[in-house]
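Subject: A structure for you to look at

Hello,

Here is the structure we talked about, with the sequence alongside. Please open both first, and then read on for what was found.

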Amino acid sequence: HSEWIEDEDKHHEDHRQQQQHKPTSANIPDDLYTLLTTLQNELSDTKKLLSKELSNTKKVLADTESELRQKLSDTKAELKETKMELSNTKRELFDTKKVSSETEKVMKMELSELQQKLAHTSAELSEAKKRICDGDRIG
């Protein structure tokens, strides 16, 4: 009978030694320990996967940010160019209006001169007609 007790003690000692590599000092049944180990491994795998996903996401975001910054830069350059073109067009329009206004003044002056010449010629014509008529009466 004492032999059986020694075997039982040895069994408990073996079990205690087995338990020492487990994460806690509490006596965790083997099936729970296996489950805990499996969960820890899954957690570790999930952390690695999430870390990789995070890394990929950061890369995509960095690429996207870079792309957007380039587009913004291009758009700013195009806007600057468009503003310059608009400024040039405004200047050309202003110059055209100025030329048009000056042309209009010149044409009005010329028209006024022509009207004066016409009035003068008309007066001369009337004077000549009058002289011809007077000459007819005299003759």
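Before turning to particular residues, one term is needed: a salt bridge is counted when a side-chain nitrogen of Lys or Arg lies within 4 Å of a carboxyl oxygen of Asp or Glu. By that rule, Glu 65 forms a salt bridge with Arg 69, and the closest N and O atoms of the two are 2.7 Å apart. Please keep in mind throughout that this is a predicted model.

The overall picture is simple to state. The protein has two helices and zero strands, and helix H2 takes in residues 30-138. Of its 139 residues, 3% count as buried, and the accessible surface comes to about 13,200 Å², of which 58% belongs to carbon and sulfur atoms.

How many salt bridges does the count come to? The answer is three salt bridges, and the general idea behind them is that side chains of opposite charge can pair when their charged atoms come close.

To return to the pair named above, Glu 65 and Arg 69 both lie in helix H2, where they are four residues apart, or about one turn of the helix. Glu 65 has a relative accessibility of 41% and so counts as partly exposed, whereas Arg 69, at 56%, counts as exposed; the cut-off for exposed is over 50%, and partly exposed lies between that and the 20% under which a residue is buried.

Another salt bridge joins the side chains of Lys 59 and Asp 63, with 3.2 Å from N to O. These two residues, Lys 59 and Asp 63, are also both in helix H2 and four residues apart, about one turn of the helix. Lys 59 is exposed because its relative accessible area is 52%, while Asp 63 is only partly exposed because its value is 40%.

Which residues form the negative surface patch? They are Asp 74, Glu 78, Glu 81 and Glu 85. Glu 85 belongs to helix H2, and it counts as partly exposed because its relative accessibility is 45%.

The other patch is nonpolar, covers about 280 Å², and is made by Leu 32, Leu 35 and Leu 39. Leu 39 lies in helix H2, and with a relative accessibility of 46% it counts as partly exposed.

When you go through the model yourself, you might begin with the pair Glu 65 and Arg 69 in helix H2, and then turn to the patch that includes Glu 85.

Best wishes

How values were computed
Residues numbered from 1 in each chain as written. Predicted model: local features only at pLDDT ≥ 70, side-chain atom pairs only at ≥ 80, totals over all residues. Heavy atoms only, no water. Buried < 20%, exposed > 50% of the residue type's maximum accessible area, 1.4 Å probe, protein only. Areas by Shrake-Rupley, 256 points an atom, 1.4 Å probe, with all protein chains shown as cover. Patch = residues over 30% accessible without salt bridge, like charges linked within 9 Å, V, L, I, M, F, W, Y side chains within 5 Å. Lys, Arg positive; Asp, Glu negative; His and termini not counted. Charge placed at Lys NZ, Arg CZ, Asp CG, Glu CD.
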